[in-house]
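Please look over the sequence and the model together before reading on.

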Amino acid sequence: MRHALWWLALTVTGGVERRGRLPRGGCVVVANHSSHADTAALLAALDASHAPAIGAAADYWFASPWRSRICRRLAAGFPVRRSGGGMDDLLGMTDTLRAGRAVVLFPEGTRARAGELGSFHRGALVLAEHARVPVVPVGIAGTERLLPKHGRLRPSLVRVRIGEPLPYTATPEEARIAVAALHARTVAEPLRDSRVRKVLARVISARLGLLLAFAWAFAEALSWPLMPELFLAVACVAVPRRSLKLSVTALAGSLAGGLFALQLASMGVSLPAPLTTDRMRAEVRHELSVEGASAVRHQPWNGIPFKVYAKEAGRADVPVTGWLSESARARGSRTLTVGLAFGAFGFLVHRLRRLYGLYLGLLCGGFAAGLALIVAGWS
């Protein structure tokens, strides 16, 4: 259950990737330590059959009853004193190792700065020799970005690389060199990414991205045939952390465009409306005559473009205040939901971003097919 819990948590925050496996039987796992998220990364990456137990600082994680319960239940932690008695705490895990479980220790004793690896204390190696089990070096990368020391949580892909077992006779320096090499190799390994996604990400991450979201939604409310949710499906998956700003900006553009379209129609100005039909316009006129401005609440679900409602509302002299209130509620429910949903999807598939080009192809094909069906249905 812990394995599934932390795998799910890290998947939501950017993904977790593992290379290598633990050997059969008990072993002492030694890993670099730069973040509290290292424990979550190891519980998510190490196979549950080893039921890993994590050594945790007794003076911090077991300083109060509630913190102790959280550490034991969610992180499978056991206390290790950092001043006096720590070796006895470690040797108390000998039977656990002989039962085939993994004992995970951070031999640095505390979190180091990102990119640094401190000296290793000898306790982990003494425990391995006492239990006659191998020492398995592990390199962790990405947690220092996910949850930096004294920082806040932010999305990041976490990668865990499990190395070849070392004999229980290994020295602390040999273990440190093995962990350092694994960590350096993991950090240096380039993440496979789509060239298309990288180009789009650079544009979307800049101010130009927000301008495009606003302009797209504004133009769609007037004449542009492609709804802003298509833009959000492209942009929010490419850069998930921008999904909220992009969604709110697209909503603002849609509302501004709707007001402008209403004013133009009230003055008798008619802009082109491609991919709309006479039946759509007739249905909207009927709804407006019965419900007034609140008729726009049907727009997110019936497939009729927002620009048809804005134009017909202008022709029907719907009050601007009522129109703005009702359209904000209708458009907001759809635009924000779609944008945030695609942002969440982008987080979940972060480690598969090399397939972004394939995603774009499927998205555009599905959108074209859906649009054709909607237009045909309203013809």
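What follows is a description of selected features of this predicted model.

Because the model is predicted, local features need pLDDT of at least 70 and side-chain atom pairs count only at pLDDT 80 or more, whereas totals for chains, interfaces and linings use all residues. Residues are numbered from 1 along each chain as its sequence is written, and side-chain values use heavy atoms, with hydrogens and water left out.

**Aromatic rings**

A pair of aromatic rings is described by the distance of the centres and the angle of the planes. Rings of Phe, Tyr and Trp (its six-membered ring) are taken as a pair if their centres lie within 6.5 Å, and the planes count as stacked under 30 degrees apart, as edge-to-face over 60 and as tilted for the rest.

Helices (H or I, at least four residues) and strands (E, at least two) are DSSP runs numbered from the N terminus. Tryptophan 216 belongs to helix H11 (residues 207-222) and phenylalanine 231 to helix H12 (residues 228-238), and their pair links parts of the chain 15 residues apart. Phenylalanine 345 in helix H17 (residues 320-348) and tyrosine 359 in helix H18 (residues 356-377) are 14 residues apart. On the scale used here, buried means under 20% relative accessible area, exposed over 50% and partly exposed in between (1.4 Å probe, protein chains only). Tryptophan 216 counts as partly exposed because its relative accessibility is 23%, while phenylalanine 231, at 10%, counts as buried. Phenylalanine 345 is likewise partly exposed, at 35%, and tyrosine 359 is buried, at 16%. Elsewhere, ring pairs join Phe214, Phe218 and Phe260 into a cluster.

A charge sits over a ring if NZ of Lys or CZ of Arg is within 6 Å of the ring centre and within 35 degrees of the ring normal. Arginine 67 lies over the face of tyrosine 60, at 4.6 Å from the ring centre, and the charged end of arginine 331 sits over the ring of phenylalanine 306, 5.1 Å from its centre.

**Backbone angles**

Most residues other than glycine have a negative phi. Arginine 132, however, has a positive phi of about 60 degrees; this residue is found in the loop between helix H7 (123-131) and strand E6 (135-141), and it counts as exposed because its relative accessibility is 53%. Leucine 275 also has a positive phi, near 60 degrees, and its place is in the loop between helix H13 (243-266) and helix H14 (278-291).

**Nonpolar cores**

A nonpolar core is a set of buried Ala, Val, Leu, Ile, Met, Phe, Trp, Tyr and Cys residues joined through side-chain atoms within 4.5 Å. The largest one has 25 residues, of which Leu22, Val29, Leu42, Val138 and Val160 touch the most other members. The largest share of this core, six residues, comes from helix H2.
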